Amino acid sequence: MKFLHNILEKQKPMFEKGGKLEKFYYLFEAGETFMFSPASTAGNKGAQIRDAVDLKRMMMTVVIAMIPCLIWGIFNVGYQHHVAIGEQTSFFSVDNLLFGARWVLPIVLVAYAAGGIIEAVFAVVRKHPINEGFLVTGMLIPLIVPPTIPLWQVALATIFGVVVGKEIFGGTGMNVLNVAMTARAFLYFAYPSQISGEVWTQLAGETPIDAYSGATALSVAYDSSNVGNAVTAGLANVNSALAAPFGDFSFFSFENMLIGGIPGSIGETSTLMALLGAIILVATGVGSWKIIVSAFAGAFLMGTVFNMVGANEFMNVPAQYHLVMGGLAFGAVFMATDPVSASQTETGKWIYGLLIGALTVLIRVVNPAYPEGIMLAVLLMNVFAPLIDFYVVQANKKRRLARATV
């Protein structure tokens, strides 16, 4: 690869100050540093802390942690399609892989292309290096949308998320809101029929199947409670018609929802794969285990409270089911732990995660228009994260002052 690096180095003067392509220097620099390690060093002046982990490696660690969810989502898209047309196949079959890849990979490519172009435009206009933050966002957005979403909506939402969620605040490291969740919120409020409710399963000829729609566990449960039937009975009706891909579990059993053999957004269906990603993030020090654990704890506690109230059927959904339904696990692992928009203090992380989990279940149960809550919970707590940290710091100051005056 040295010869390629030498070719790039020969072209570099054209992009440096005084060169013909000076205004495109940061595009050149982004491409060069993406392929090769930068030649610049810290120098010998002053004390320097040297670490092999920089922003690019940190972002790539998050991307690697999401790969299990991506691969699982590809297989699951193919599996749900074959279930819809009445063909029972092995979950990890080649047919499921090829069909799922056909629908999922274009979404990933469009998200990266749209976001990359916007990042490049802002880098050229503002004359700053292209930030690596979109390496994660470009993967997050495809994983939180259904596989049947139109590609133009993916591009539009990605542009909206990058511009409104990040660039207007100053770029990577300055954003108040999680960029991927901002993009999903745009889709939900602008195009609700394509982003929420039932996830249609497509035929090979790109025609939605009218006889079968891949309803998510939350939409089935909510519809069942609305008509006055027990939620468990509503899920049981689906269970009797469909079989889980693994073991002898029923379709919407706790075990199958934990594993992820159900319809839903591409990367959100498997709690198990999200937890595998959590292990990678925590082991590498990239993600906060306090936020993840407290988010699950908050959801379980709020579910338990609703179980005790039991005013309607949706409140009677067992608390542990909330941990594996919808996108709670994926959101808690990959969205709530965003190091920029999350709480920064150690105590604040516990409060922040606890409130995200509790609000997720509260929105699911109480809000009649939206049977999922992780998106709104994360965005709301993004806004309150600085306030949480402020009061945590103030409390620490008061305790120290009290000790100093004794």
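## Where α5 meets α7

In this predicted model, T137, L140 and I141 of α5 meet V179, A180 and A183 of α7, where contact means heavy atoms within 4.5 Å. Helix α5 covers residues 134-143, and helices here are DSSP runs (H or I, at least four residues) numbered from the N terminus. The axes of α5 and α7 come within 8 Å and cross at roughly 35°; axes are lines fitted to C-alpha atoms over the stretch in contact, with angles from 0 to 180 degrees between N-to-C directions.

The α5 and α7 crossing is right-handed, that is, the near helix is turned clockwise from the far one by less than a right angle. Sorted by class, the contact of α5 with α7 has 5 nonpolar, 1 polar and no charged residues. Here Ala, Val, Leu, Ile, Met, Phe, Trp, Tyr, Cys and Pro count as nonpolar, Asp, Glu, Lys and Arg as charged, and the others, Gly among them, as polar.

## α7 and α6

Let's move to the other partner of α7 (residues 179-190). Its axis and that of α6 come within 8 Å and cross at roughly 130°.

The crossing of α6 and α7 is right-handed. On the α6 side the contact includes Q153, L156, F160 and G165, and on the α7 side T182, F186 and L187 are among the residues involved. This contact has 8 nonpolar, 4 polar and no charged residues.

Helix α4 takes in residues 94-126. At 1.5 Å times one less than its number of residues, its 33 residues should span 48 Å, which agrees with end C-alpha atoms 46 Å apart. Along the way, α4 bends by about 35° at A101, the angle between axes fitted to the seven residues ending there and the seven starting there. After α4 comes K127, with a positive phi near 55°.

Helix α4 also packs on α6 (residues 151-165) at about 35°, with axes 9 Å apart. Among the contact residues are P106, I107 and F122 of α4 and L151, I159 and V163 of α6. By class there are 13 nonpolar, 2 polar and 1 charged residues.

## Reading notes

Residues are numbered from 1 along each chain as its sequence is written. Local features need pLDDT of at least 70 and side-chain atom pairs pLDDT 80 or more, while totals for chains, interfaces and linings use all residues; side-chain values use heavy atoms, without hydrogens and water.

Notes:
Helix = DSSP H or I, 4+ residues; strand = E, 2+ residues; numbered from the N terminus.
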